[in-house]
Amino acid sequence: MRTIAVVDDNPSMLQGLNRLLSAHGFIVRTFASAESFLEANAECEADCLLLDVHLGGISGIDLQRQLIASGRELPVIIMTAIDNEVTRQEAFDAGCVAYLKKPFLSKLLIDAIGRIP
Amino acid sequence: MTSRTNGPPYRMITRIVLSSIVLLLAMTGAAFSQSKRVLLVHSVGRDFSPWDDYARHIREQLKLQSKDPIDIFEVSLSTARFPDGNEDAFVSYLNAVFSERKLDLIMTIGGPAARFFQQNRERIFPAIPTLYAALEQRISPNAPQTDAMVSVSIDVVGTVEQILKLVPETTRVFVVHGTSPIEKQWLVAIRKLLQPLASRVEITYSNELSLEEILKQVAVLPPRTVIIYAQMLVDAAGVVHEGGRALERIHAVANAPIFAEQDTFFGRGIVGGRMTDITDVSRQTAAVAVRILGGETPGSIKTPPIPAASPRYDWRELKRWNIGESQLPPGSQILFRVPSVWEQYRLEVSAVTAAILLQAGIIGLLLVERRRRHVAQAEANSRRQEVVRLNRVTTASVLSSSIAHELNQPLGAILSNTEAAQMLLKANPPDVAQLGEILSDIVRDEQRASDIISGLRNLLNNRTESDLRTFDLNDSVRDVVKIVSPEITRRGVNLRTILAPEPLPVRCDPIHLQQVLMNLVMNGVDAMEGVAGPHNLTIRTALADADGIEVRVSDSGPGIPNDKLASVFNAFVTTKPHGTGLGLPIARTILESYGGELWAENHPRGAVFSFKLPLAKA
């Protein structure tokens, strides 16, 4: 059973994703900030990181860069409520496996997770 | 010693007193010797028209024309009022009063007095010259050699003929006449004179009526009637009528025009016509009297009867009875004309008209000016609306990422929760408790999205009219902070507001002010993007002075490059990579349209944008 880590500063979104992914049979760990994610060392046990871009402190893109910089090979799916070319480019540059615009259908998310080897 | 000291003053005083007495006696003697004594004998009484007028004018003329002082005595032949008056008693009275005084002239006023004197001439101062005045030639007696006469000629028929020309539709003539002996005598003459006219008009006489009865009749006279006021000394009821009071009462109620032969009644209610000019007759009578007093023999002075004067008419009566001026005989004089407002107040009317014209001119200019102002205001409003539209677009642009974020977040959560619920529903049995939680979360997120849309709707509402109102600027700042704080927080900016403790009333459209504030705040946030160090944004409001408030929005960004400080409010000048360059010029235009100003400056840690607005008066 795969473990999905979800980082989003919006509690409602976080809760919704938790319920959705759990219903699809994933183990879900939720974090309200990049800092709390790093603090929990969750990257070690997660199979996929579902990451929001705009967070209160360290942004999602920065966290993604940090993970890469630290040599972690954790697949990252970026999600954002503010879709623009700059963000999209930065996300793919940082090596995300999928880029989702909020609100998105669960099928897109499940498909993206499914594509992760 | 005493006689020596008092002698000269005593003699001097005695001399002065004696001289004064002699002088006074001489003067008095002279006065007595030169004064002419005239006895005026009135018919009926002193105050009966028209003789009262004659007597008054004769008195005045005598004094005016005579070189000698005139000493006038007056008596009235009251017995003339009654048919059986005892004249002997009056003869005795005159002799008793005046036999011891030397009279220089006796003047009778009116026919009764003249008749009385002639009948009793031998018994009353037969040697004293007598002048018969104010009488009609037809009824006057022949004067003996010692007496003189100045009479008038009254053309009764001519008077009626004139009336018929003036009021051609006349079919009836109502003659007001009294019943004293002289009036009866005169009435006989009139009836005889007017007899030839009986075929043309119906003539009735009031001599058998009291004044009260006459008043009733003249009020309801048949149409096409005229009234001739001949004389009213004593009416049929034996009531004596002095002066012109009877005429005035008749005039007050009459329903027909009134005519008279004596100008003493002119101006008191009669229409006018050819009338005896009493002033002129009196002047001529006084002239004869002065000649007699000067020594001329009365019998040698012959004056022809004085005819009626040129026609005169009372303008008020002509108007009242609708008699056209074109109907008047040639040479007519119109008196008592009531001047028109223009004639009476020519100067005032001119001044008022000028003032009105001046005012009208000023009002016209003001209206033109007002029209111009309205056009200018309309243009200004149109420009402001255009700026506001641009501002709305700019604000929307500034907020676009924030709008997307704030709306997409709850929408994303709603979608995830909904799909999770769908999954849960497939389970058997479904987890109803969790489904309930999901639905609650969906409702909350839905509410949140709705709140965001409401807040933005006000801010970005496409209104055509400004909503000018007075409000507290601190409230505007609070509203803006509420809208932008999620975005600001998301972007790692610490927002601090330092608001004036007192209300800051300003008068403008609150949405415009919110848009300006939003613009400045988001400008500051953008300026700090990508800059190291803490990101602080401060909004400070304060009273600038007695007339204005000041708002300062300061950031901790890199500040404005010095070369752009001056041009930062120019359109399309921007320091941001993705800026439109419209936000600041629009904000300045909006503030200036409300009498405010906006400026920028650098401080050691970033830029400060400040604006001032006038304080709204209570």
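Reply: Buried means under 20% relative accessible area, exposed means over 50%, and partly exposed lies in between (1.4 Å probe, protein chains only). This is a predicted model, in which local features need pLDDT of at least 70 and side-chain atom pairs count only at pLDDT 80 or more, while totals for chains, interfaces and linings use all residues. Residues are numbered from 1 along each chain as its sequence is written, chains are lettered from A and ligands numbered from 1 in the order in which they are written, and side-chain values use heavy atoms, with hydrogens and water left out.

Me: Is Cys508(B) buried or exposed?
Reply: The relative accessibility of Cys508(B) is 1%. Because the limit is under 20%, Cys508(B) counts as buried.

Me: How many residues of chain B are in contact with chain A?
Reply: Contact means heavy atoms within 4.5 Å. On the chain A side 23 residues take part, and on the chain B side the number in contact is 23.

Me: Which residue of chain B forms a salt bridge with Arg19(A)?
Reply: A salt bridge needs a side-chain nitrogen of Lys or Arg within 4 Å of a carboxyl oxygen of Asp or Glu, and across the interface of chain B and chain A the rule finds 2 of them. For Arg19(A), the closest N and O atoms are 2.7 Å apart, and the partner is Asp441(B).

Me: Which helix gives the largest share of the side of chain B that touches chain A?
Reply: Helices (H or I, at least four residues) are DSSP runs, numbered from the N terminus. Helices α12 (346-426), α13 (432-460) and α14 (473-490) of chain B each supply at least two residues of that side. The largest share, 14 residues, comes from α12(B).
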